Amino acid sequence: MRDSVLAIVLAQEEEAGNDLIKVVPGLMIWTAVTFLITFYILKKLAFSRIQGLIDRRRDRIKEALDEADNARMEARALLEQHRQLIAEARAQADGVLAEARRQADAQHERVRAEASADLERRLEENQRAIAAENRKLLEQVRREVVELTLLASEKVTGKVLTADDQRRLIDEAVGELDFDQLAKLN
């Protein structure tokens, strides 16, 4: 029984499948007429609106792309301007550093020259002071030599000398002294 039911179902399917393939001229004409009417209605009512929506969307997309291109060009211009500003800032910084170095070198040279001049001035003052001190010491040594000579001559001769005799003895004693040797000792 099962086989007979299966055979009936297969037979019905063959008949139904054949109906779809069969050409029915009336059905074909009404299908074509219905299609043309539907196409005409869609063309008058829907296609123009759909096309308008598509055109507007295309225009918005084109405008967005144009705006994006403009924004990209502006961004490039701003980037180039930014790079130029950075380059200018670096150049200014380098200039400021060079000027600071130049001023520092000039200041250093001026301070060095002032210190050198001050050192020379102090050396000259010290040399003058030493020379003055040497003259004082030599004068003091001369006086002491004179006094010692007078004392020695009084003791040796046993008499007090006159002013002329003192002067002569002083000149002789001073003439015999080598003051250069005394100056070297100091």
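A salt bridge is a side-chain nitrogen of Lys or Arg within 4 Å of a carboxyl oxygen of Asp or Glu. The model is predicted: local features need pLDDT of at least 70, side-chain atom pairs count only at pLDDT 80 or more, and totals for chains, interfaces and linings use all residues. Residues are numbered from 1 along each chain as its sequence is written, and side-chain values use heavy atoms, with hydrogens and water left out.

**Whole chain**

Read from the N terminus, the order is α-α-α-α.

Next, colour by pLDDT, the predictor's confidence in each residue, from 0 to 100. The chain averages 83, and 80% of the residues score at least 70. Among the elements, helix H2 has the highest mean, 90, while helix H4 (residues 179-185) has the lowest, 59.

Now switch to a surface view. The accessible surface is about 16700 Å², and carbon and sulfur atoms hold 59% of it; such areas come from the Shrake-Rupley method with a 1.4 Å probe, and for residues only the protein chains shown count as cover. Of the 186 residues, 5% count as buried. Buried means under 20% relative accessible area, exposed over 50%, and partly exposed in between (1.4 Å probe, protein chains only).

**Two patches**

Patches are made of residues with over 30% relative accessible area and no salt bridge; like charges are joined within 9 Å, and nonpolar side chains (Val, Leu, Ile, Met, Phe, Trp, Tyr) within 5 Å.

Select Ile-29, Trp-30, Val-33, Ile-37, Tyr-40, Ile-41 and Leu-45. Together they form a nonpolar surface patch with about 740 Å² of accessible area. Ile-37 lies in helix H2 and is partly exposed, because its relative accessibility is 47%.

Then select Asp-59, Glu-63, Asp-66 and Glu-67, which gather in a patch of negative charge on the surface. In counting charge, Lys and Arg are positive and Asp and Glu negative; His and the chain ends are not counted. Each charge is placed at NZ of Lys, CZ of Arg, CG of Asp or CD of Glu. Asp-59 belongs to helix H2 (residues 25-157) and is partly exposed at 44% relative accessibility.

**Salt bridges**

The structure holds eight salt bridges. Three stops follow.

- Select Asp-55 and Arg-58. Their side chains meet in a salt bridge of 3.1 Å, N to O. They are three residues apart in helix H2, so about one helical turn separates them. Asp-55 is partly exposed at 28% relative accessibility.
- Select Arg-110 and Glu-114. Arg-110 is partly exposed at 41% relative accessible area, and Glu-114 is partly exposed at 47%.
- Select Asp-118 and Arg-121. In this salt bridge the closest N and O atoms are 2.2 Å apart. Both residues lie in helix H2, three residues or about one turn apart. Asp-118 is partly exposed at 25% relative accessibility, and Arg-121 is partly exposed at 41%.

Key
Helix = DSSP H or I, 4+ residues; strand = E, 2+ residues; numbered from the N terminus.
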